[in-house]
Amino acid sequence: SEMHDDLGGGLTTIKFLSQKVLRKIDEEKTKIQIQKIADHSQTLVSNMSEIIWAMNAGFDSLDSFIAYARRYASECLRDHDLKFNFELKGNTEGYQFSGEKRRNLFLVLKEALHNTVKHAQASEVRLAFEVNEKLNIIYQDNGIGLTKDNVLGNGMNNMKKRIELLNGSIKVSSKNGIELKIHIPLQKEDQNIQV
């Protein structure tokens with residue numbers, strides 16, 4: 001809470017002060033630089049909120065992760081005028097999902113959203129969660145799919161590494177857009193046994 005109040009408050013102040021100065025300046029070069037300050041401040045506030053969420057043990061559940069991921073995806077896609085289809089099947093209650101797991105899996109989904117928004121030329125995203133002994137996730141967009149420029153990019157490699165850290169698997173296909181199929185083992189809250 002101290003990080004959120006002190007750092008978050010300070011960064012938000014920088015953003016608002018930058019926006020205030022922007023309204024009073026006419027020179028285009030200076031406007032661009034000040035806009036960058038405002039944008040970087042906003043990005044840092046968002047990143048800090050994600051880190052705090054991942055560190056907070058009160059959110060160490062599968063339910064919490066899915067709710068957070070759904071809200072983030074919905075806001076991100078709405079901001080970029082993309083349609084969002086969300087699906088959830090199975091019983092999500094009672095599964096432990098540590099901060100490290102939540103953070104790694106969230107960053108995979110964040111990278112997928114970033115790729116869709118920035119490169120895919122898509123109009124729609126589907127995000128489906130299914131709990132059936134494992135956590136199964138399907139992420140699809142209806143964009144141009146993988147090209148030779150992005151097929152082996154750092155983003156894809158980072159996604160694979162993060163899923164491996166979770167003892168999971170990720171399958172990437174590119175047909176009528178991109179599709180990610182992710183499978184993660186789950187652990188019940190009151191057991192040390194993975195199912």
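Helix 3 covers residues 62-79, which makes 18 residues. At 1.5 Å a residue, a helix of that length should span 26 Å. Its end C-alpha atoms lie 26 Å apart, so expectation and model agree. The model here is a predicted one.

Which residues of helix 3 are buried? They are Leu62, Ser64, Phe65, Ile66, Tyr68, Ala69, Ala73, Cys76 and Leu77. An α-helix has 3.6 residues a turn, so residues three or four places apart point the same way. Keep that in mind while reading the list. Just after helix 3 comes Asp81, with a positive phi of about 60°.

Now follow the chain to Thr92. This residue sits in the loop between strand 1 (83-89) and strand 2 (95-96). Is Thr92 buried or exposed? Its relative accessibility is 10%, and buried means under 20%, so Thr92 counts as buried. What does Thr92 touch, leaving aside its neighbours within four places in sequence? Its contacts are Leu62, Asp63, Ile66 and Val131.

Two packed helices are described by the angle between their axes and the distance between the axes. For helix 4 (residues 99-120) and helix 5 (residues 154-165), the angle is about 155° and the axes are 9 Å apart. An angle over 145 degrees counts as roughly antiparallel, and helix 4 and helix 5 are therefore roughly antiparallel to each other. Their crossing is left-handed. Helix 4 brings Asn104, Leu105, Leu107, Val108, Glu111 and Ala112 to the contact. Helix 5 brings Gly155, Met159, Arg162, Ile163 and Leu165. By type, the residues of this contact divide into seven nonpolar, two polar and two charged.

Most residues other than glycine have a negative phi. Gln121 is not a glycine, yet its phi is positive, near 55°. With a relative accessible area of 66%, Gln121 is exposed, because the cut-off for exposed is over 50%.

Glu133 also has a positive phi, about 70°, although it is not a glycine. Its loop is the one between strand 3 and strand 4 (134-141). Glu133 has 57% relative accessibility, so it counts as exposed.

Notes: Residues numbered from 1 in each chain as written. Predicted model: local features only at pLDDT ≥ 70, side-chain atom pairs only at ≥ 80, totals over all residues. Heavy atoms only, no water. Helix = DSSP H or I, 4+ residues; strand = E, 2+ residues; numbered from the N terminus. Expected span 1.5 Å × (residues − 1). Buried < 20%, exposed > 50% of the residue type's maximum accessible area, 1.4 Å probe, protein only. Axes fitted to C-alpha atoms, helices over the stretch in contact; angles between N-to-C directions. Parallel < 35°, antiparallel > 145°, perpendicular 65-115°, else oblique. Left-handed = near helix turned anticlockwise from the far one by under 90°. Contact = heavy atoms within 4.5 Å. Nonpolar A, V, L, I, M, F, W, Y, C, P; charged D, E, K, R; others polar.
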